[in-house]
Amino acid sequence: MIRFISSDRYSSLHFFVQSLVHCLKDTKIIQVVDCTGELQSEQFIDLPCEFNQINQIETINVLWSELNPHAKEWWSLLDIANKQAIELPDIPGLKDIIILLEIARIIDSLSTNKELIFIFPAPVQASRLFEMAQSGPRLLESFVEPVLNWWDNTKKSLSAVEALLRLKLPDSQQLRFNAVWSKRLELLQTISTNRDLHHLIMILDGLNSSSEFINHRLCLCGLHAAVPTHLLLCSGTKDLDKQMQKTIRPEWMYFSPLNLDQSTFDIERFKNEEKLVSSQPIFDSHKKAFSIFLPGIIKSCLSIQQLDAIIYIIYSGKKRAIELPNSFKDLHCLKASVDGWTLHMTFSTAS
């Protein structure tokens, strides 16, 4: 079981990690990996675990050393062949990709006698990161494939000029990601899309919050396909805790208040692997319908649009795009309904 933890507060995060590590210590070696870059090893020195931190500079150095000899002709063409990894320009989204590549590498190298705990950034950023993890190899391919395909076509059209001027234009294959990286990202995709294979633990601040606001935050997580398996609420009122207890069904996620002075949550629930409803779209070709679990969903706040074979679920300025399977591509959305926290949509043929 791979565990990802995100918290609004570092005090709650440390308290929970401490409880979890002590709960798991008698089963396997525990490795805690900080993905935030903000924590220090001294905070975990008294815990029975290995603490590591993702060092983005070191990770980029490793990736650059792997790519540089492989794509030397490209780097020469771009005049960056002699640059160090630290000199490379910052590209928007690159830091998140580096974190996910390192997470995928760590998971791929996981031995059977270890438990992995990844500490993610705060929930809003963790949701985006978790959504990217579910992209698999497309996470990288979407950045480079359009350019490389264009280059392949351009190189063919320049073949006569290349021969005439005795040029050697680089091959796009040198920049296509190798099977090792694809395998790692596919594994991360499999784990992050299947709630039976991971725990996504979110610790939200309940101070001055209402159940409507907590549901709103959960729905935003769902739009990023980052549905928590475990939800803890710290510093919430007793009324808020009771409202959430009544609302959340056991098959959706585990919920508990988190009180640092006298905690009531059952730490054993974070050790066991429980069957939860899927967070992925479920299609029924026979009924021409599909459903998707979206925690905190309120139908009146949703807008749904269909463009060709893609359904867009829009809420509070955010969207989730769902690609329809081939059996649905000639159908159009007829109506939508909400049952609990599940969105149901039915389809019909175009009139």
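Author: A cavity here is a set of grid points where a 1.4 Å probe fits but cannot get out. Rolling a probe the size of a water molecule over the atoms shows where empty space is left. The model is predicted, and the structure holds one cavity of 30 Å³ or more. The volume of the largest cavity is about 80 Å³. It is lined by 13 residues, and those closest to its centre are His 199, Thr 229, His 230, Glu 274 and Leu 276. By type, the lining of the largest cavity divides into four nonpolar, five polar and four charged residues.

Two elements give two or more residues each to its lining: helix H8, residues 179-193, and strand E12, residues 318-323. E12 gives the largest share, five residues. In total 16 residues line the second largest pocket, and Arg 138, Gln 280, Ala 321, Ile 322 and Glu 323 lie nearest its centre. The lining of this pocket divides into six nonpolar, five polar and five charged residues.

Helix H4, residues 94-108, packs against helix H5, residues 123-133, at an angle of about 60°, and the two axes are 10 Å apart. The crossing of H4 past H5 is right-handed. On the H4 side the contact is made by Asp 96, Ile 97, Ile 99 and Leu 100, which meet Gln 125, Leu 129, Met 132 and Ala 133 of H5. Six of the residues in this contact are nonpolar, one is polar and one is charged.

The chain has a mean pLDDT of 83, and 79% of its residues reach 70 or more. Over residues 161-165 pLDDT stays under 50, and for this stretch the model has four contacts beyond four places in sequence.

Definitions and conventions. Residues are numbered from 1 along each chain as its sequence is written. This is a predicted model: local features need pLDDT of at least 70, side-chain atom pairs count only at pLDDT 80 or more; totals for chains, interfaces and linings use all residues. Side-chain values use heavy atoms; hydrogens and water are left out. On a 1 Å grid over the protein atoms alone, a cavity is a set of points where a 1.4 Å probe fits but cannot get out, and a pocket is an open set with protein on both sides within 12 Å along at least five of seven lines; lining residues have an atom within 4 Å of a point. Helices (H or I, at least four residues) and strands (E, at least two) are DSSP runs, numbered from the N terminus. Ala, Val, Leu, Ile, Met, Phe, Trp, Tyr, Cys and Pro count as nonpolar, Asp, Glu, Lys and Arg as charged, and the others, Gly among them, as polar. pLDDT is the predictor's confidence in each residue, from 0 to 100. Contact means heavy atoms within 4.5 Å. Axes are lines fitted to C-alpha atoms, for helices over the stretch in contact, and angles run from 0 to 180 degrees between N-to-C directions. A crossing is left-handed if the near helix is turned anticlockwise from the far one by less than a right angle, and right-handed if clockwise. Grid points are joined across faces, edges and corners, and a volume is the space filled by probe spheres set on the points.
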